Amino acid sequence: MNTEIIKINELNMDAAALRRLIYAGNIIKKGGLVVFPTETVYGIGADAFNKEASSKIYAAKGRPSDNPLIVHIARLSSLDRLCVFKDDVQRKKALRLAEKFWPGPLTLILPKCKDLPKETSGGLDTVAVRFPSNKIARKLIELGGGFIAAPSANLSGRPSPTDASHCIEDMNGRVDLIIESGDAEIGLESTIVDLSVEASCVLRPGVITAAEIFEALSMTEGKKGEDSEELSAAEHPKAPGMKYRHYAPKGRLVIYSGMEDRVISGINKAVSEVKNKKKTAVITAKESAACYAADIVKIAGARHDGEEIAHNLFRILRELDDEGAEVIFSEAFYNNKRSEAIMNRLIKAAGGEIIEL
Ligand code: TXA
Ligand code: MG
């Protein structure tokens with residue numbers, strides 16, 4: 001397949017940009033695939049109500065067809081076309097979160113309406129819905145018919161794409177169009193909240209924290225922050241997507257957590273043990289970067305700057321693959337306002353290998 005690549009600047013949505021988006025929207029309406037930017041990561045979009053189009057997404061990503069897609073909308077009223085609320089309580093919860101966090105990096109799981117194809121919902125009777133804030137995404141959704149099914153635009157198992165160059169790397173020749181629009185603002189995928197069950201829970205942490213979600217739902221008692229998120233994830237091991245390995249770099253990744261000086265000496269010892277045999281890499285905070293002598297040293301950001309670390313993490317994991325890192329040691333990045341989401345992704349990338357010092 002020949003993939004067209006066009007550039008649109010979110011900050012300069014002029015007439016030329018609009019013409020390009022009308023073109024992209026028509027591709028979606030005709031059942032094609034368009035890679036587009038969102039504020040979290042890039043997505044690979046198709047008409048959510050077209051089952052052939054949704055099926056093409058799985059083929060393009062190499063993704064198992066029982067791993068459901070998120071449906072992206074551009075107006076709140078679209079929610080009623082996608083889901084059937086079980087009762088008034090469920091509706092109120094959804095509207096409360098929507099009011100507070102949409103448009104933005106939040107996905108809600110709700111009971112799906114029956115005419116949404118099972119190809120889009122991965123065979124489930126629930127649907128994941130997100131109303132992104134990125135202007136290009138919103139205009140494309142509007143011009144593409146209002147409902148775009150879109151997972152992250154990476155090949156299955158690779159880190160989510162935070163820059164158009166990552167999408168070109170993974171999706172060139174697999175989709176009809178790629179919209180290039182620079183770096184994704186956030187760099188980590190949306191927070192997913194399951195409202196389809198009695199006890200609402202966070203299935204995937206994101207920059208909107210579990211504590212913020214439960215506070216908005218006024219469910220703070222006994223369910224706060226990371227504890228509630230862990231509890232919820234354990235209660236719902238059947239969440240689709242969780243059984244698949246994620247973001248695995250080609251090299252082995254091990255996280256070191258604890259007091260700063262212990263982590264530095266732990267990583268240095270580990271590096272010196274394998275340095276002559278393997279290409280080594282370290283992912284570090286800016287403050288301790290000079291302490292390491294690995295073959296590759298990647299700075300995630302200033303130690304307490306969660307925004308910067310979140311923004312850089314997936315790009316760094318891709319660069320380490322490109323540079324042939326065989327063993328990667330990473331500092332843990334706690335104590336910043338995005339640590340819940342950052343550590344969730346990093347621990348997944350490490351396949352759970354974390355050393356507490
Ligand atoms: O930020 C994001 O959410 C990005 C951008 C493109 O919007 N999208 C994204 O999609 O990360 P994806 O497909 O890579 O991740 C969606 C996750 C999957 O793990 C999937 O299993 C889960 O959402 N999911 C989708 N529908 C679900 C449902 N009905 N019930 C439970 N989990 C669901
Ligand atoms: Mg993904």
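In this predicted model, Thr280 is part of strand 12, which covers residues 280–285. Is Thr280 buried or exposed? Its relative accessible area is 0%, so Thr280 is buried, the cut-off being under 20%. Leaving aside residues up to four places away in sequence, Thr280 touches Val271, Val274 and Lys275, and also Ala294, Asp295, Ile296 and Val327.

Asn335 sits in the loop between strand 14 (327–331) and helix 11 (339–349). With a relative accessibility of 64%, Asn335 counts as exposed because the cut-off for that class is over 50%. The backbone of Asn335 has a phi near 60°, a positive value in a residue other than glycine. Most residues other than glycine have a negative phi, and most peptide bonds are trans. A cis peptide bond is found between Trp102 and Pro103, with omega at about -10°. Pro103 belongs to the loop between helix 4 and strand 5.

| Site | Backbone feature | Value |
|---|---|---|
| Asn335 | positive phi | near 60° |
| Trp102 and Pro103 | cis peptide bond, omega | about -10° |

In soluble globular proteins, nonpolar side chains tend to be buried together.

Helix 6 also packs against helix 10 (residues 306–322), at an angle of about 50° and with the axes 11 Å apart. Because of that angle, helix 6 is oblique to helix 10. The crossing of helix 6 past helix 10 is left-handed. Which residues make the contact? From helix 6 they are His166, Glu169 and Asp170, and from helix 10 they are Arg315, Arg318 and Asp322. By class, the residues of this contact are five charged and one polar, with no nonpolar residue.

How values were computed:
Residues numbered from 1 in each chain as written. Chains lettered and ligands numbered in written order. Predicted model: local features only at pLDDT ≥ 70, side-chain atom pairs only at ≥ 80, totals over all residues. Heavy atoms only, no water. Axes fitted to C-alpha atoms, helices over the stretch in contact; angles between N-to-C directions. Helix = DSSP H or I, 4+ residues; strand = E, 2+ residues; numbered from the N terminus. Parallel < 35°, antiparallel > 145°, perpendicular 65-115°, else oblique. Left-handed = near helix turned anticlockwise from the far one by under 90°. Contact = heavy atoms within 4.5 Å. Nonpolar A, V, L, I, M, F, W, Y, C, P; charged D, E, K, R; others polar. Buried < 20%, exposed > 50% of the residue type's maximum accessible area, 1.4 Å probe, protein only.
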